Amino acid sequence: MTHEIILAFLCVFGAVLHWQLSLALHTFFLHRYHTHGQFSMSVYWQRFFYILTFLLQGPAFLKPETYRKLHLAHHEFSDTEYDPHSPSNYLTSSTKHKFWKPLFAMMLDTKKIFEEIQANKHWISGRYGKKIAIDWKGFETVSNSKEATLLMGALYILLWCLVIPYWILLVFLPIILLNGPLQGAIVNWFGHVKGTRNFDIPDNSKNTPGAPLMNGELYQNNHHQFPESPNLGCGPGEFDPIYHLMIRPLLMLRIIHLSQKAKDELNAIKTWQANLPKSPSA
Ligand SMILES: [Zn+2]
Ligand SMILES: [Zn+2]
């Protein structure tokens with residue numbers, strides 16, 4: 001009995017750790033590296049992080065090129081009718097006091113748009129060209145295939161069923177299986193609905209409380225102002241774990257190298273920080 005309780009705690013810890021690691025690779029590799037090109041790395045490290053992202057996202061692996069195009073359209077048309085996943089397009093007068101219904105509607109539509117972009121059947125498909133930052137055709141074909149999705153889904157389910165001591169822990173399975181899309185939905189919904197703004201820009205982006213728990217991704221207002229900056233938590237009291245605990249050590253180890261645009265935006269942030277009004281000293 002005691003062993004089973006310890007194992008149950010370890011399983012919950014493992015599920016949380018998996019969520020955080022998959023989100024770390026989601027933001028580091030798919031978002032900041034492949035989509036925004038904030039830094040570069042050698043082809044060997046690129047392949048290492050590509051495989052790691054695939055293994056951690058498993059059956060919900062977000063195909064890098066499709067993700068890049070979807071996300072660039074979100075930046076270009078943020079919170080307009082052309083934004084592929086803006087909460088403002090779902091918060092109509094009849095749904096503005098509701099939560100789950102519009103959020104799920106946005107998730108389902110985003111899934112549909114993602115598949116249409118993937119199949120070259122959406123206007124976003126041809127808008128942002130082809131980026132060959134991840135130029136590994138063989139692995140791209142394998143990791144994007146339906147067979148890989150099914151195999152990874154079966155492996156995830158099998159592994160979880162083998163380790164859990166109580167069937168009640170199956171409630172974690174949907175979160176484990178759908179980690180990438182769920183992370184995207186949380187960021188795109190709350191990061192454009194709840195929170196404060198450091199920058200008055202023409203969209204609804206916010207910096208949402210609890211952003212460090214989402215590895216900095218919920219600093220949407222900062223990110224929309226400085227999309228090339230690897231530090232998303234640039235305001236007073238804000239902390240972006242991925243920048244401080246992953247990107248900075250990797251820069252020091254010379255595994256990754258900042259782009260010129262990233263350097264320029266980090267300098268622009270320093271200037272902005274220096275000009276913030278000072279609070280009176282005690
Ligand atoms: Zn956004
Ligand atoms: Zn972005």
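The chain contains 11 helices and 2 strands. Helices (H or I, at least four residues) and strands (E, at least two) are DSSP runs, numbered from the N terminus. Along the sequence they follow the pattern α-β-α-α-α-α-α-α-α-α-α-β-α. The radius of gyration, taken over C-alpha atoms, is 20 Å, close to the 19 Å from the globule rule for 282 residues, so the chain is as compact as a globular protein of that length. That rule is 2.2 Å times the number of residues to the power 0.38. The C-alpha trace spans about 60 × 50 × 50 Å along its principal axes.

This is a predicted model: local features need pLDDT of at least 70, side-chain atom pairs count only at pLDDT 80 or more, and totals for chains, interfaces and linings use all residues. Residues are numbered from 1 along each chain as its sequence is written, while chains are lettered from A and ligands numbered from 1 in the order in which they are written.

Of the 282 residues, 33% count as buried. A residue is buried if 20 or more other C-beta atoms lie within 10 Å of its own, exposed if 12 or fewer, and partly exposed in between; C-beta atoms are placed from the backbone. Two residues are in contact if these atoms lie within 7 Å. Of the contacts with a separation of 6 or more, 66% join residues 24 or more positions apart.
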